[in-house]
Amino acid sequence: MKRREFVKGVAGSLSATFLLPAAARALSLIKSPVRTNRLRPPGAVPEEIFAGKCIRCGRCVEVCPYRSISLLDIRAGVYAGTPIIAAEEIPCYLCMKCVEVCPTGTLLKIRQEETRMGIAIVNRHLCYTWQSFTICRTCFDVCPYKEQAITLDQLRPIIVEDRCVGCGLCTHACPVTAEDGQKAINIEPIHAWERVRW
Amino acid sequence: MVQSRREFLKRTAALSAASYVGMTLPFREEGLARAADDTVWHRGSCRLCGVGCRVELGVKDSKPVALRGVPKSRTNYGYVCMKGMLFWKVMNHAERLTTPLYRAQKSDKFKAISWDEALDIAAGKFASAVKEHGNDSVAYYGSGQALTEETYFFQKIFRGGLQTNNVEGNPRLCMASAVGGYLTSFGADEPIGGYADIEKADCMFIIGSNMAEAHPVIFRRVMRRKLDNPEVTIINADPRISLTSRIADIHLQFKPGTDLALLNAMAHVIVKEKLYDKKFIDDYTTFKTGKGDLADLAQYEIFLADYTPEQAAKTMGGKVTADQIREVARRFATSKGTMSFWTMGLNQRKQGVWANNLVHNLHILTGQLLKEGADSLSLTGQPNACGGVREGGGLCHILPGHRLVAKEPLRNQVEEAWGIPKGRIPPKPGYHTMAMFTAVNEKKIKAMWINCTSPVQSLPNCNLYNEGMARDDTFIVCTDIFPTLTTELAANLVLPTAFHFEKTGVYGCTERRSQLTRKAIDPPKGAKPEVWIIREWGRKLAEKLNDPVITQCIKPFEGLEEGYELPKAIWDEYSQKLTKGRDNDLRGATYEVLEQMYDGVQWPAPTEEYALTGGTVKKFVRGMDPMADSHAKDDRPYQFYGPAHPDQKLWIWMRPQADPEEIPDAEYPFYLSTGRIIDHWHTMSMTGRVKELLRANPYAYIEVNPVDAGRMGIKPGDMVEVTSRRGTNVLPAKVYEGPIEGMVFVYWHDQHPDRMINKVTKDAYDPGSKEPEFKICACKVQKVSGPKALKPYIV
């Protein structure tokens, strides 16, 4: 690349930044970090009020024996300092210690089976068993609610939506990893988007 | 990474520009499409369990890239399980051993040495042990995963060359009781039918087998049969409700060790309700008392009088009702074809042979044998336990071709085939596995060769035997592809070997099927096929002992290329000279024939033309089995020509219910049983190194019944201590409606010292088969702490 083209490119990209509407930039700082496989710890209140309720004390992170929970950094904008679980890296083992220590009720004191961090969705186009490549039952085997949250139909995994706690053990264990890092079973945190009834 | 200021600026600019406009750099797909095209697929067998799936290894630029099933194979029809699909990933693993390692003392660190030095040391140690302490001071401990050629060649050097029958292998821990059962009931080892019966069976009786985990591809066939034909009955008898029970119509959950009562009670119902096949019994059956004396049906009925369904239900712990036992017996007897499956639940028991006999009894009584869809099928654990060890002479009491060491004419046949002097093979069988490691403890064995297995982890009550192996009194050579607990603790000399698909050889699976795997890629530089190691070692041994007979043992194999020619010559010697006229006649299954077959050949297969049809699907049936025609003694349709029964009949044995060696008491109130999980193979030295499989099951855990867990305050994930009279483990708990109340269950693959369950298991063994009772012992269980983050542990 010639020096001239380089300078052009830098100048172009800088000016493009300035051209972006301020609202869009601000949005990226207040956009919730919760998405596929990025989950709040058990008992979390809906995203609508999570950042407001959480005082960023980090106790849930400290108490987690598996280091499943980590704190978001400054790139998360207003969500910096709030806890997050990356399901495919270290899932939640449902020891329920974090809900005990949360001082604000951002993580409500719920029982293990009441946890709803999300629900697992099987990508049938990726799943080895659904594609009939091989016999794999890994997600079923690792599920803490075997036969309840995941059942098998002719050895193929089926999620029981109202029993799945969304812990991500299945996502973590899934042997299939697509090019984009997605697993054949992923956790969609649908409960995080519930509206709060005031 | 060093980068100049200019590059840094460039990258920063490009990245920030891309991120600001929210663009992802496009993915280049044309590379992917080409990748599939220049992959060459090499046919072979799966390296893992005993099902014998046929697979193809994809090789690109002489590197393995993928593995897939062979759709035309009659074992798996193209299906593989997860560990089968992924095992090729260990071939390029960074921890592969690539140079011989030696240490004079077991407390020293290993240092790398050359192959020449290594074989010199190995030959020197074995030679001096023989000279100073006699022939029986050396031993070979092999594996049901070694190729037939390897087991055969090892035992040839030990028996013919070193004149000892101390030739054993881990199949003693796995299917010795099944061998005992087949020999005593049918007069010939190995099943009569095979997997082909699954698609014809109307009733399947699964006892002591969690085939859903241990033989997933066969389980899939059974499941398919059930789903396509809902009227097919599946009965699962097991103290633990497992994944296999999912497809069962009836699950009989009994107290561990009471299954002999169940099987006798089923026979009781069959005899009482006259559901037996009178003509079949009259024509083909002999009754035997427990001591082996002749008996008849009336005496058998008297023997069974104690086993009323009511009485048996009581013995079995009360979860099974008498009516259930009656129902099961009726369905077993009256279906169009009944198949039984079992594995370690019956074999790894102090009454292993008896339990096997009792299953065969039911089949003989009802005539559920020899016809379509009826068989008494013992599923084998390892890929070559049948082919290499049972048929190839890999145990202390047998010679190649199902010959007994104790019989002189049979020994002479082998000596003649090898061209060695008569009387060279000693007449006394060697140490069986448990006796062999006891002899190591007693310092009677001075030099030992451990091939392709890890007894430090896999022996029951391993603390006891590891003491002896860790001492410097026994010089131990290990041949393996990875470091294992055995190479770390016990070995003086570690020799790196070629892996599956890096060498050529035959595997024989459960259903008498021999299948060839040809070399597809070169082993890593420095690793050698076992057959080469044996030959080179044998030559040095001959020199050091100055024994021309050892030279004679390796003479037919001198100068051959080790990747294909050498194993082919060994296979030819074994199949042409030693299986000729035996019940496992493999003369037709030459490399040329095996290479043509999508799957393999089921013996007996005396000629190549016959072998090309796939061989014998059903033994003993005239018109289906060439040996039944050539060995016929009359004109009946079934001919039981097996070598162990002189009267050429099937024997029904009177075997009483008997307790396991250790039953729970006040101090140790729980039964402990162990088993396998789908993602891991044995001691995990291979599957633990595949990250997908390790992630799925990073460590072993203990399954506790919810009722027991509630009583003891154990919650899921809590750390639990399980202790027996022999050792202790600390494992995370899974509270699961699996094991029956009063029983806990642990997976045995974990290498971590805290989670190695064989420290806890019991080393009592069956007096007949000498197979240890891994499956039942007494233990106590207690919670030690809440959940803890654990790390997987691989040596």
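Two residues are taken to be in contact if their C-beta atoms, placed from the backbone, lie within 7 Å. The structure is a predicted model, in which local features need pLDDT of at least 70 and side-chain atom pairs count only at pLDDT 80 or more, while totals for chains, interfaces and linings use all residues. Residues are numbered from 1 along each chain as its sequence is written, and chains are lettered from A and ligands numbered from 1 in the order in which they are written.

Where the chains meet, 27 residues of chain A are in contact with 29 residues of chain B. On the chain B side, α1 (5-20), α3 (82-86), α8 (216-228), α28 (691-696) and β29 (777-787) each supply at least two residues; helices (H or I, at least four residues) and strands (E, at least two) are DSSP runs, numbered from the N terminus. That side of chain B holds 19 nonpolar, three polar and seven charged residues, where Ala, Val, Leu, Ile, Met, Phe, Trp, Tyr, Cys and Pro count as nonpolar, Asp, Glu, Lys and Arg as charged, and the others, Gly among them, as polar.

Turning to helix α6 (residues 176-186) of chain B, eleven of its eleven residues are buried, a term that asks for 20 or more other C-beta atoms within 10 Å of a residue's own, with C-beta atoms placed from the backbone. These buried residues, including Y182(B) and F186(B), pack against α14 (344-347), α15 (352-366), β14 (375-378), α16 (385-390) and β23 (650-653) of chain B. Just after α6(B) comes G187(B), with a positive phi of about 85 degrees.

Chain B also contains an open sheet of seven strands with mixed pairing, in the order β5-β4-β19-β18-β17-β6-β7; two strands pair if DSSP finds at least two bridges between them. Its edge strands, β5 (111-112) and β7 (167-169), each pair on one side only. Strand β6 (residues 138-142) of chain B joins β7(B) in the parallel sense over three bridges, and G142(B) stands opposite G169(B).

Helix α5 (residues 148-161) of chain B lies across β6, β7 and β17 (447-451), running at about 170 degrees to β6(B). Here axes are lines fitted to C-alpha atoms, for helices over the stretch in contact, and angles run from 0 to 180 degrees between N-to-C directions. Because 14 of the 14 residues of α5(B) are buried, this helix is largely enclosed by the rest of the structure. After α5(B) comes Q163(B), whose phi is positive, near 55 degrees.

Terms used
Buried ≥ 20, exposed ≤ 12 C-beta atoms within 10 Å, placed from the backbone.
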